[in-house]
Amino acid sequence: MTINKLQVVNRLCEEGIVAVIRADNSEQAVKIAEACLQGGISSLEITFTIPRAHQVIETLSNHFSSGEVLIGAGTVLDPETARMAILSGAQFIVSPYVNTDIVQLCNRYGVPCMPGAMTVKEAIEGMEAGADIIKLFPGETYGPSMIHSLKGPLPQVNLMPTGGVNIDTITDWLEAGAVAVGVGGSLISSAKHGDYAAITEKSRQLVERVKAFRGVYQT
C-alpha cells in the first residue's frame with residue numbers, strides 16, 4: 001500500500017515526533033533507526049550528513065513494508081539531493097533553510113517538504129512555495145516562545161521545531177502550538193558509545209509524553 005502526500009503529513013502530525021538521525025556511518029544509522037522504532041518512534045529523518053545517506057534510506061525502505069514506517073531525508077540542501085532521496089524511497093524531505101527549488105521538486109513528486117525557517121519572512125516564503133510544514137530551526141535559539149511569536153501574524157502555519165527538543169521540553173513545544181517536533185542529539189547521543197538501549201528508552205519516554213499531553217488537551 002502506497003501512502004500519499006496528505007496521509008504522510010497527517011501521520012507526522014498525529015504521531016508528533018520525528019527522530020532526526022545523524023551517524024558516523026550507514027551501519028550506525030540503521031542501528032539508531034531500529035532503536036527508535038523499538039521505542040515507538042516510527043517517523044525517521046535520515047540526514048544527508050551521513051555518508052551514503054541515500055543507501056540508508058533505500059535499505060530501510062526495502063526492509064519495512066509501506067506504511068509501517070515513515071522514512072524521510074534531512075539536511076537536504078539542493079533539489080538534486082532531494083530527487084536522489086525520493087528515488088531512494090524518502091517519503092518526506094527536510095531542509096535547514098527555504099529553497100524554493102527543493103519545495104517545487106517535492107511538490108512535483110507529491111512528497112511533503114519541510115524547509116527550515118526562523119523568521120516570519122522565511123516562513124511565508126516557504127508557505128508560498130508550497131511547503132507543508134515549516135521546520136522551526138534552530139529551535140533552541142529562541143525556545144517555545146518563538147512559536148507564539150510566529151503564530152501571531154501566521155496562525156495558519158504548521159510548525160515543527162528541531163533543536164532544543166528533549167524529554168523535559170517536548171511538552172512545552174507542543175503546548176506552544178507545534179504540530180510535531182524533531183528530536184536529534186538529545187535522543188541519539190548514546191549511539192557514540194554503542195548504547196542503543198538508551199535510545200529505545202528515550203524514544204518510549206518521548207512517545208509517552210506526547211500521548212499524555214494529547215490525552216489532556218484533546219479530550
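Before I name any elements: helices (H or I, at least four residues) and strands (E, at least two) are DSSP runs, numbered from the N terminus. I also note that this is a predicted model.

Overall build. I counted ten helices and eight strands in the protein. Its radius of gyration is 16 Å, close to the 17 Å that the globule rule gives for 219 residues, so the protein is as compact as a globular protein of that length. The C-alpha trace spans about 45 × 40 × 30 Å along its principal axes. I then looked up burial: 52% of the 219 residues are buried. For contacts with a separation of 6 or more, 58% join residues 24 or more positions apart.

Most residues other than glycine have a negative phi, and most peptide bonds are trans. I went looking for exceptions.

Arg52 has a positive phi of about 55°. I found Arg52 in the loop between strand E2 (43–47) and helix H3 (53–63).

Thr75 also turned up, with a positive phi near 50°. Thr75 is in the loop between strand E3 (70–74) and helix H4 (79–87). Is Thr75 buried or exposed? At 18% relative accessibility, Thr75 counts as buried, because the cut-off for buried is under 20%.

The peptide bond from Phe137 to Pro138 is cis, with omega near -5°. Pro138 belongs to the loop between strand E6 (134–136) and helix H7 (145–151).

Rings. While at Phe137, I saw that the charged end of Lys135 sits over its ring, 4.4 Å from the ring centre. I searched for aromatic pairs too and got zero.

Methods:
Residues numbered from 1 in each chain as written. Predicted model: local features only at pLDDT ≥ 70, side-chain atom pairs only at ≥ 80, totals over all residues. Heavy atoms only, no water. Buried < 20%, exposed > 50% of the residue type's maximum accessible area, 1.4 Å probe, protein only. Phe/Tyr/Trp six-rings, centres within 6.5 Å; stacked < 30°, edge-to-face > 60°. Lys NZ or Arg CZ within 6 Å of the ring centre and 35° of its normal. Rg over C-alpha atoms; globule rule 2.2 N^0.38 Å. Contact = heavy atoms within 4.5 Å.
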